[in-house]
Number of protein chains: 2
Amino acid sequence: MPRTKGDHEARRREVSEAVWRVLAAHGFGGLTLRAVAAELGASTGLLTHYFPAKRDLVAHALDLLEQRSADRPRRTGGPGLSAVRAALLDILPLTAEATAGNRIWVSSWDTALADPAWTEDYAGKYARSREKLRDLVAAAQDRGELTGGDPARIAAGAQAFVLGLVVQALFDPGAFPPDRQVALLDDYLAALTVPPAGT
Amino acid sequence: MPRTKGDHEARRREVSEAVWRVLAAHGFGGLTLRAVAAELGASTGLLTHYFPAKRDLVAHALDLLEQRSADRPRRTGGPGLSAVRAALLDILPLTAEATAGNRIWVSSWDTALADPAWTEDYAGKYARSREKLRDLVAAAQDRGELTGGDPARIAAGAQAFVLGLVVQALFDPGAFPPDRQVALLDDYLAALTVPPAGT
């Protein structure tokens with residue numbers, strides 16, 4: 001029976017799922033054709049059809065990570081400060097799924113820093129993320145909910161804060177359970193908040 | 001001529017230097033016996049004497065990273081807030097040497113997260129680092145230089161902030177040159193600072 005385009009697409013999805021499971025369990029350091037083949041119950045020979053070289057496998061894993069991050073559900077924050085808070089909460093490992101995604105992100109930094117093209121690509125991703133956050137910060141400032149000052153600078157600080165909190169929570173989930181992560185973020189935002197008039 | 005204990009120690013140092021150079025150039029993802037052998041101009045056979053398995057090589061690299069971090073020169077901050085600031089500045093990639101060390105630290109997270117024993121070891125390192133910072137925060141609070149509130153919580157927030165800033169600066173040194181890193185840290189500290197009485 002000839003293989004159809006549908007079969008081919010289904011196979012590609014299976015391969016991607018196997019790559020994701022290997023990343024979630026072992027990180028980029030454990031990402032090998034052999035590990036993906038074992039996860040898939042297939043031969044490494046089949047996988048070289050999809051990934052002729054290790055670099056192709058890693059590139060696919062990085063694409064997959066970006067795609068899954070882009071597609072993940074987001075909180076719908078109200079306007080102003082509430083939207084800033086929602087965007088930052090969306091980054092934190094507050095659920096099992098967000099923890100798995102973050103664990104893979106943090107693991108990918110080793111790979112991304114080892115290659116100038118990927119480093120540049122990551123720098124671009126983070127810059128775009130800071131620009132979105134800057135716009136939210138500026139809107140919150142317009143509403144008088146955040147202190148003045150360069151919104152790009154406030155966004156850069158807030159992004160640094162949540163990224164570092166992600167790392168801490170991944171290494172020590174006992175010391176950084178979800179409620180503590182949220183409390184620390186709220187401390188951070190409180191320090192940037194203008195007290196309501198009259199207090 | 002029989003090899004002396006001195007020869008042996010010198011050889012070990014050479015091997016460690018080669019491991020460090022491989023890490024600085026390629027991260028933990030590029031750390032292989034073959035890469036270290038090439039860096040050393042030696043055979044992989046010689047290296048298996050030092051590192052019978054890949055895990056031994058990685059364990060040595062993690063030890064080396066901890067040792068070099070512990071031995072690095074530190075700023076001498078005055079008392080109070082100045083000591084908190086000095087401790088946080090010591091973490092940032094403000095020099096070429098600090099950048100290389102941080103690049104290896106960030107790269108090591110993939111390896112450390114992939115192994116429960118190393119994850120626990122890292123969690124312990126960060127917990128001890130937060131405890132030191134907590135004591136500095138408490139001393140600054142006693143002097144009235146930082147706002148009140150749980151010093152452990154303030155230390156956890158400050159540690160998250162600098163770790164995230166390290167990551168951002170490694171990926172995008174153009175957007176986060178040393179003076180911008182310091183300015184962002186000072187913004188962070190300013191938000192925690194009690195205005196002097198009478199202002």
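Biologist: What should I know before we start?

Modeller: This is a predicted model: local features need pLDDT of at least 70, side-chain atom pairs count only at pLDDT 80 or more, and totals for chains, interfaces and linings use all residues. Residues are numbered from 1 along each chain as its sequence is written, chains are lettered from A and ligands numbered from 1 in the order in which they are written, and side-chain values use heavy atoms, with hydrogens and water left out.

Biologist: How many salt bridges are there over all chains?

Modeller: There are 24. A salt bridge here is a side-chain nitrogen of Lys or Arg within 4 Å of a carboxyl oxygen of Asp or Glu.

Biologist: Why would such side chains pair?

Modeller: Side chains of opposite charge can pair because their charged atoms come close.

Biologist: Which residue does R130(B) meet in a salt bridge?

Modeller: D172(A), at 3.6 Å from N to O. R130(B) lies in helix α7 (residues 116-142) of chain B, and D172(A) sits in the loop between α8 (151-171) and α9 (178-191) of chain A, so the pair joins two chains. Helices (H or I, at least four residues) and strands (E, at least two) are DSSP runs, numbered from the N terminus.

Biologist: Are those two buried or exposed?

Modeller: Both R130(B) and D172(A) are buried. Buried means under 20% relative accessible area, exposed over 50%, and partly exposed in between (1.4 Å probe, protein chains only).

Biologist: What about R11(B)? Which residue is its partner?

Modeller: E14(B), with the closest N and O atoms 2.6 Å apart. Both lie in helix α1 (residues 5-26) of chain B, three residues apart, about one turn of the helix. R11(B) is partly exposed at 24%, and E14(B) is partly exposed at 39%.

Biologist: Which residues are linked in a network of salt bridges?

Modeller: E66(A), D121(A) and K125(A) are linked that way.

Biologist: New topic. Where is A87(A)?

Modeller: In helix α5 (residues 81-89) of chain A. A87(A) is partly exposed, at 25% relative accessible area.

Biologist: And what is A87(A) in contact with, leaving aside its neighbours within four places in sequence?

Modeller: L133(A) and L136(A). Contact means heavy atoms within 4.5 Å. A87(A) and L136(A) are 49 residues apart in sequence, and their C-alpha atoms are 8.8 Å apart in space.
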